[in-house]
Amino acid sequence: LQRKNADIRKQQHYELANEILQMGNEIYVEPMEYKALQKRAKETTVNAKGRYNRKKRFGKSLANKAPATLLLILESKSKNRGMNGLYKVDKWEYKASQYDHLSKQYHKKKLSQRTTQLENGDTVQRDLYAAFLLMNAGTDLKSPDQTLCEQTYERFKQLHDMEIARLKSENKTHLSS
């Protein structure tokens, strides 16, 4: 069963990689340490009710989704097609999920906070906004290009609102991943 699941997952990764490569010729990613996310929490913590928090992290879901494999497949397929491969931004300096391009400041957020309030009052979904910032990466791959962000933000906001409205109109439960 494990082998079959791995084969199906790999086939789905190849199909997704083909779909992604049909959309464009530049792929920007923020590399993550997936092994670190799989490890158990080291410290024992207590919640507000006095109960111990679980030490489990994202081991099983990462094993089932295999994001690192998808990135490897994307990189090899893009190089085979004559592209530059993946552009990996500097995750320590870029911090796409914390940046607000309007105020030009970083705001630390909890992982559970799924929306971001921008300086102009717009509310955007955190992961979509991070993808927008990655799309507008500067040539140094250490920060977003401010002029690109300003040029493309209005279109991003239109598409963002359309997608959020579409998801709400489907009236289906969506998985967190």
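User: Is Glu170 buried, partly exposed or exposed?

Analyst: Glutamate 170 is partly exposed, its relative accessible area being 32%. Here buried means under 20% relative accessible area, exposed means over 50%, and partly exposed lies in between (1.4 Å probe, protein chains only). The model is a predicted one, in which local features need pLDDT of at least 70 and side-chain atom pairs count only at pLDDT 80 or more, while totals for chains, interfaces and linings use all residues. Residues are numbered from 1 along each chain as its sequence is written, and side-chain values use heavy atoms, with hydrogens and water left out.

User: Which residue forms a salt bridge with glutamate 170?

Analyst: Arginine 166 does, with the closest N and O atoms 2.5 Å apart. A salt bridge requires a side-chain nitrogen of Lys or Arg within 4 Å of a carboxyl oxygen of Asp or Glu. Both residues belong to helix H7 and are four residues apart, about one turn of the helix. Salt bridges with shared partners link Glu163, Arg166 and Glu170 into one network.

User: How far apart are the closest N and O atoms of Glu163 and Arg166?

Analyst: They are 2.5 Å apart, and the two residues form a salt bridge. Glutamate 163 and arginine 166 are three residues apart in H7, about one turn of the helix. Glutamate 163 is partly exposed at 29% relative accessible area, and arginine 166 is also partly exposed, at 37%.

User: How many salt bridges are there in the whole structure?

Analyst: A search of the whole structure gives seven. One of them joins the side chains of glutamate 75 and lysine 79, at 3.9 Å from N to O. Because these two are four residues apart in helix H4 (residues 67-80), about one helical turn separates them. Glutamate 75 is partly exposed at 21% relative accessibility; lysine 79 is partly exposed at 49%.

User: Changing topic: which residues of H6 are buried?

Analyst: In helix H6 (residues 126-135), the buried residues are Arg126, Tyr129, Ala130, Phe132, Leu133 and Leu134. Helices (H or I, at least four residues) and strands (E, at least two) are DSSP runs, numbered from the N terminus.

User: And what do they pack against?

Analyst: The buried residues of H6 pack against strands E1 (27-29), E3 (99-100), E5 (115-117) and E6 (123-125), together with helices H5 (91-94) and H7 (146-170). Contact means heavy atoms within 4.5 Å.

User: What caps the N-terminal end of H6?

Analyst: Glutamine 125 does: one of its side-chain oxygens lies 2.8 Å from the backbone nitrogen of aspartate 127.

Definitions and conventions: Polar contact = N/O pair within 3.5 Å; in protein donor to acceptor, adjacent residues only side chain to side chain.
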